[in-house]
2 protein chains.
Amino acid sequence: MTLGIFDSGLGGLLTAQYIKAYAPGVRILYYGDTAHLPYGDKSPQQVQAYAQEIVRFLLEAGAEGIVVACNTASAVAREVIRTEARDRPVWDAITATLQQFKAEPPAFPLGVIGTYTTIRSGIYGEAIRAYWPGAQVAELATPLLVPLIEEGFADHPATHLILETYLSAPSLGGIASLLLACTHYPLILEAIERYYAQRGQGCRIYNSAQLLAQAVVTNLPAATSSVQGEDTFWVSDYTERFALLAARFWGSPILLQKAPAFVGGVERKW
Amino acid sequence: MTLGIFDSGLGGLLTAQYIKAYAPGVRILYYGDTAHLPYGDKSPQQVQAYAQEIVRFLLEAGAEGIVVACNTASAVAREVIRTEARDRPVWDAITATLQQFKAEPPAFPLGVIGTYTTIRSGIYGEAIRAYWPGAQVAELATPLLVPLIEEGFADHPATHLILETYLSAPSLGGIASLLLACTHYPLILEAIERYYAQRGQGCRIYNSAQLLAQAVVTNLPAATSSVQGEDTFWVSDYTERFALLAARFWGSPILLQKAPAFVGGVERKW
């Protein structure tokens, strides 16, 4: 099967890696919307406009299903994406997380950390309480983690201090589990685990990128067979830094191709 | 005089504030391109396309001169902006800094810190060495400072640690002066001064936002009189966080208006 995966940037390559690890026969068409990142600070309308164009592009490129690796786009553009994809399957980070949680419920209170737009949407708390009425869900925006990770500061003492400031927020006090609701956060999983271990606070950490990949692989059509053709990686803006980031998230260097930048419904020529 | 001032986001409001302080009769038309921020990670071509549309918009709105508060746009889009502005005066952060330096030369070696795109352009070093051949200029990208400042972490211990990592880079060792080549950095001026004071290292700090405002005011047409009409502040994307940031940079709350988002040469309707 050929899967179209997109993200605001290159963090979604982690999700793509998980999918390849679970289902090596899948072919990946990846789109990183680097011309418009970060999505996490933008308005829902803006993110919806970008997502719609990207889905259209990936389907035209041959995608038989769409994976929305970006939590922000999953939070505010799921409906737009489903409409655009028509009869093709769509997996988004939020629906996938819910599906995995239903199979194996998390302990509550549950903390959720992500970007401003994801958290402000309130979508995780809403979806979880729709299934487990009265469940305690504390959502906190932790916007500095993405730039710190992208700059390679995941192990820097400053990152530990900032994590401490975020994770010690009163709203997250006493949580029994924590959902990392952003593509980038798996890269600071160890630092987060260390935070709770040092305090002797048992807290199970869930990683939405991994839950999404599991949901994709669980729901792949039974007849799925290996697909010929290379994995392809497009970005809407290219700099050397994006190439470095891609290598960091994918685990080895990959060829990034410049996609036509779709903006406001109009295709721009490079 | 009515001045059109633009920036990738809201940091340029600091420059606008300096200009108002020096020349209270000036009317400000401000454009923060929040739909496309940050510019500092994007390619020169992308930044040029945005800058061109914004200048066109500001001139149509009545600007009699253009101030490019954004160092990134100043670094990579000066030519495009001058062409678009035709016979109207244009002040950009880099030309202004040079002009002020020529009047009062900085001590060398000079360090320059800014975003990736500003630093990668090499424009400051190039312009300074064109005037002072052989001058030692060390340019360093310090991309985490903008998000830290925007998140209100200017005084957080993590910011001091990150500043320490940046300022102790071998290339900045032994500098006699340091140019803050980003609209946001004045907000961590004290932390930077403390870094050098604690080490007993005499280092004069220059602030490009202030140098730009000085250059604007120095070069205002002699006949400039006070202008009727309110200052107006447009943003290309609006969230509550942008309103908070605007208040932080301007010093008090201001009304942000949604501008038509110009993308790829096409006007989008909201």
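**Fold, symmetry and packing**

Author: In this predicted model, the secondary structure of chain A comprises 11 helices and 12 strands.

Reader: What radius of gyration does chain A have, and what does the globule rule give for 270 residues?

Author: The C-alpha trace of chain A extends over about 50 × 40 × 35 Å along its principal axes. The globule rule gives 18 Å for 270 residues, and chain A comes close to that value, so chain A is as compact as a globular protein of that length. The radius of gyration of chain A is 18 Å.

Reader: What percentage of the residues of chain A count as buried?

Author: A residue counts as buried if 20 or more other C-beta atoms lie within 10 Å of its own C-beta atom. Applied to the 270 residues of chain A, the proportion that count as buried is 51%.

Reader: Which share of the contacts in chain A with a separation of 6 or more comes from residues 24 or more positions apart?

Author: Two residues are in contact if their C-beta atoms lie within 7 Å. Among contacts in chain A with a separation of 6 or more, the share of residues 24 or more positions apart is 77%.

Reader: Which kind of axis relates chain A and chain B?

Author: Chain A is superposed on chain B, with an RMSD of 0.0 Å, by a rotation of 180 degrees with 0.0 Å of shift along its axis. That relation is the one of a two-fold axis.

Reader: Which residue of chain A comes closest to the rotation axis?

Author: The distance is taken at the C-alpha atom and amounts to 2.2 Å. The residue is Ala158(A).

Reader: Which helix supplies the largest share of the side of chain A that touches chain B?

Author: The contact takes 26 residues from chain A and 26 residues from chain B. Helix H7 (145–150) and helix H8 (157–167) of chain A each supply at least two residues of that side of chain A. The side of chain A divides into 14 nonpolar, six polar and six charged residues. Its largest share, five residues, comes from H8(A).

Reader: At what angle do the axes of helix H1 and helix H11 of chain B cross?

Author: H1(B) contributes Leu13(B), Leu14(B) and Gln17(B) to the contact, and H11(B) contributes Ala246(B), Phe249(B) and Trp250(B). These residues divide into five nonpolar, one polar and no charged. The crossing of H1(B) and H11(B) is right-handed. The axes come within 8 Å, and the angle is roughly 35 degrees.

Key. Residues numbered from 1 in each chain as written. Chains lettered and ligands numbered in written order. Predicted model: local features only at pLDDT ≥ 70, side-chain atom pairs only at ≥ 80, totals over all residues. Least-squares fit on C-alpha atoms with pLDDT ≥ 70 in both. Helix = DSSP H or I, 4+ residues; strand = E, 2+ residues; numbered from the N terminus. Nonpolar A, V, L, I, M, F, W, Y, C, P; charged D, E, K, R; others polar. Rg over C-alpha atoms; globule rule 2.2 N^0.38 Å. Buried ≥ 20, exposed ≤ 12 C-beta atoms within 10 Å, placed from the backbone. Axes fitted to C-alpha atoms, helices over the stretch in contact; angles between N-to-C directions. Left-handed = near helix turned anticlockwise from the far one by under 90°.
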